[in-house]
Amino acid sequence: MKVYHRRFQLIKKTTSHNPRSTVGTVTEINDFLRLLWARVGTPVCPNDHIPITSQSVDQMADQILALPDRSKLQVLAPVVRHKRGTQEKVLAKVKQDGFVRVQVDGETYDLDEVPALNKNQYHDVNVVVDRIVLKDGIRARLVDSLEAALHLSDGYVTIDVIGDEPLRFSEHYACPICGFTVGELEPRLFSFNAPTGACPTCEGWEKN
């Protein structure tokens with residue numbers, strides 16, 4: 001009981017009138033919580049509400065190969081994601097690189113048959129890097145196709161699984177859908193005294 005009393009007296013003496021002070025900072029438990037959150041936390045995209053992770057090509061391949069045998073899929077490189085414009089330069093560059101098919105706004109076309117796009121509307125353009133049927137011995141080809149797609153779209157790839165929901169991957173700590181990025185979790189991200197983790201509204205200062 002004396003120990004608790006002394007601790008309480010110590011807290012009372014060290015309590016600051018700084019508006020940033022909280023029970024967590026005064027008791028110093030905040031430091032341990034920040035470390036815990038940085039080690040076990042999983043960042044989630046505030047726009048699409050999916051986990052933000054960074055994956056290697058091998059991890060991507062493992063997840064794809066876990067799909068049922070004989071699954072049909074397309075390896076897509078998302079070179080344009082929800083952007084306005086005719087995308088003529090992008091399509092010309094894709095054709096120059098030797099690709100023959102693209103998926104534009106959910107429809108697949110040969111590059112020579114892509115309709116003119118409305119410059120005032122948002123568009124999605126995915127380059128069809130490969131079409132694959134999952135079976136034994138396909139891993140090497142799948143890995144090569146994933147690497148090509150990641151290189152083409154700066155670290156993003158979409159797997160269009162025929163008859164099922166698409167899979168989206170990223171080499172970065174970024175949402176594979178909207179591109180929202182976040183750095184690797186570290187304790188300072190959870191500190192309101194640091195600009196990195198401060199509330200964008202009050203900048204770490206408590207306001208009434």
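Reader: Which residues line the second largest pocket?
Author: The second largest pocket is lined by Pro78, Val79, Val80, Arg81, Lys83, Leu152, Ser153, Asp154 and Tyr156. A pocket here is an open set of points on a 1 Å grid over the protein atoms alone, where a 1.4 Å probe fits, with protein on both sides within 12 Å along at least five of seven lines; lining residues have an atom within 4 Å of a point.
Reader: Where does this come from?
Author: The model is predicted, with local features needing pLDDT of at least 70 and side-chain atom pairs pLDDT 80 or more, while totals for chains, interfaces and linings use all residues. Residues are numbered from 1 along each chain as its sequence is written, and side-chain values use heavy atoms, without hydrogens and water.
Reader: Which strand gives the most to that lining?
Author: Strand 1 does, with five residues. Strands are DSSP runs of E, at least two residues, numbered from the N terminus.
Reader: OK, what about the largest pocket? How many residues line it?
Author: The largest pocket has 17 lining residues, and Arg81, Asp124, Asn126, Thr158 and Arg168 lie nearest its centre.
Reader: Which strands each supply at least two residues there?
Author: Strand 1 (72-84), strand 4 (122-133) and strand 5 (156-161). Strand 1 gives the most to the lining of the largest pocket, with five residues.

Note on methods
Helix = DSSP H or I, 4+ residues; strand = E, 2+ residues; numbered from the N terminus.
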